[in-house]
Amino acid sequence: MSDLAVYDLDRTITRRATYTPFLLHCAMRRQQWRLVFVPVVALAMLAYVAGLFDRGRLKEICQALLIGRHIHASRLKPLADSFADATVAGNIRPGARDAIARDRKEGRRLVLATASYRLYAASIAERLGFDDVIATGSVIGLDERVHARIHGNNCYGVEKMRMIADWVEKSGLAGKHGHVRFYSDHASDAPAFEWSDEPVAVNPHDRLRRLAGERGWAVEDWG
């Protein structure tokens with residue numbers, strides 16, 4: 001029986017969000033002329049805040065603007081790897097490194113569960129020593145071109161919990177895994193907090209801090 005440690009990525013393991021920085025990283029290193037679309041990206045974010053479309057659609061729009069509607073996987077991989085290198089070098093909370101080391105020492109199976117794209121989240125997870133990744137997927141054509149379209153659903157909120165449950169089932173762990181420790185900074189992960197045996201609110205925003213207080217969940221400051 002394997003105990004699990006399931007981690008969110010953005011602002012839990014990392015200090016700052018990763019998605020827009022990843023898109024800018026790609027634009028800077030591949031097609032700098034795409035930076036002219038940055039104001040359009042900002043407008044798209046405002047439209048999302050106004051409720052004109054959901055997070056998944058926002059991701060697709062921003063990716064199409066700053067990377068392109070499609071890019072071959074062989075061209076994207078070096079960009080994802082260099083972004084992962086930069087992230088691990090300068091955007092990881094000290095407490096996250098400590099927690100990962102502790103969970104590994106305890107023999108837990110380390111799982112990254114994030115709304116970030118697998119495009120780059122898998123590279124970050126590999127560098128941090130994770131065993132498995134649950135993340136937002138991309139549509140990949142038969143020609144191996146990665147399209148600016150989400151495969152399935154955005155791994156966020158209730159959908160993240162559904163994808164975790166699906167991973168548990170496909171991994172043959174249903175009814176077989178042991179103690180589950182879950183870390184996140186955001187109240188949108190309430191379903192996963194409730195599912196876990198040991199929920200840990202990491203550097204929580206106000207809503208999660210209140211929820212953690214009501215439910216008796218641990219609260220940690222990872223710096």
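A nonpolar core is taken here as a set of buried Ala, Val, Leu, Ile, Met, Phe, Trp, Tyr and Cys residues joined through side-chain atoms within 4.5 Å. Buried stands for under 20% relative accessible area, exposed for over 50%, and partly exposed for anything in between (1.4 Å probe, protein chains only). The model is a predicted one, with local features needing pLDDT of at least 70 and side-chain atom pairs counting only at pLDDT 80 or more, while totals for chains, interfaces and linings use all residues. Residues are numbered from 1 along each chain as its sequence is written, and side-chain values use heavy atoms, with hydrogens and water left out.

On those terms, the largest nonpolar core holds 44 residues, and the members touching the most others are Tyr7, Ile13, Phe22, Tyr120 and Phe130. Another core, of 23 residues, lies apart from it and includes Val6, Ile164, Trp167 and Val180. Nonpolar side chains tend to be buried together in soluble globular proteins. Back in the largest core, Tyr120 is in contact (heavy atoms within 4.5 Å) with Thr18, Tyr19, Phe22, Ala80 and Phe83, once its neighbours within four places in sequence are set aside.

Helices (H or I, at least four residues) and strands (E, at least two) are DSSP runs, numbered from the N terminus. As for length, the 18 residues of helix 4 (residues 73-90) should span 26 Å at 1.5 Å a residue, and the 25 Å between its end C-alpha atoms agrees with that; the expected span is 1.5 Å times one less than the number of residues.

Next up is the largest pocket, with about 670 Å³ of space. A pocket is an open set of points on a 1 Å grid over the protein atoms alone, where a 1.4 Å probe fits, with protein on both sides within 12 Å along at least five of seven lines; lining residues have an atom within 4 Å of a point. Grid points are joined across faces, edges and corners, and the volume is the space filled by probe spheres set on the points. The lining counts 27 residues, and Asp10, Arg11, Ala17, Arg55 and Tyr156 come closest to the centre. Helix 3 gives the most to this lining, with four residues.

Asn154 is placed in the loop between strand 5 (145-151) and helix 7 (158-170), and counts as buried because its relative accessibility is 12%. Its side chain makes a polar contact of 2.7 Å with that of Lys59; such a contact is a pair of N or O atoms within 3.5 Å, where within protein one must be able to donate a hydrogen and the other to accept it, and residues adjacent in sequence count only if both atoms are side-chain atoms. Beyond four places in sequence, Asn154 is in contact with Arg55, Gly56, Lys59, Ala115, Thr136 and Glu159.
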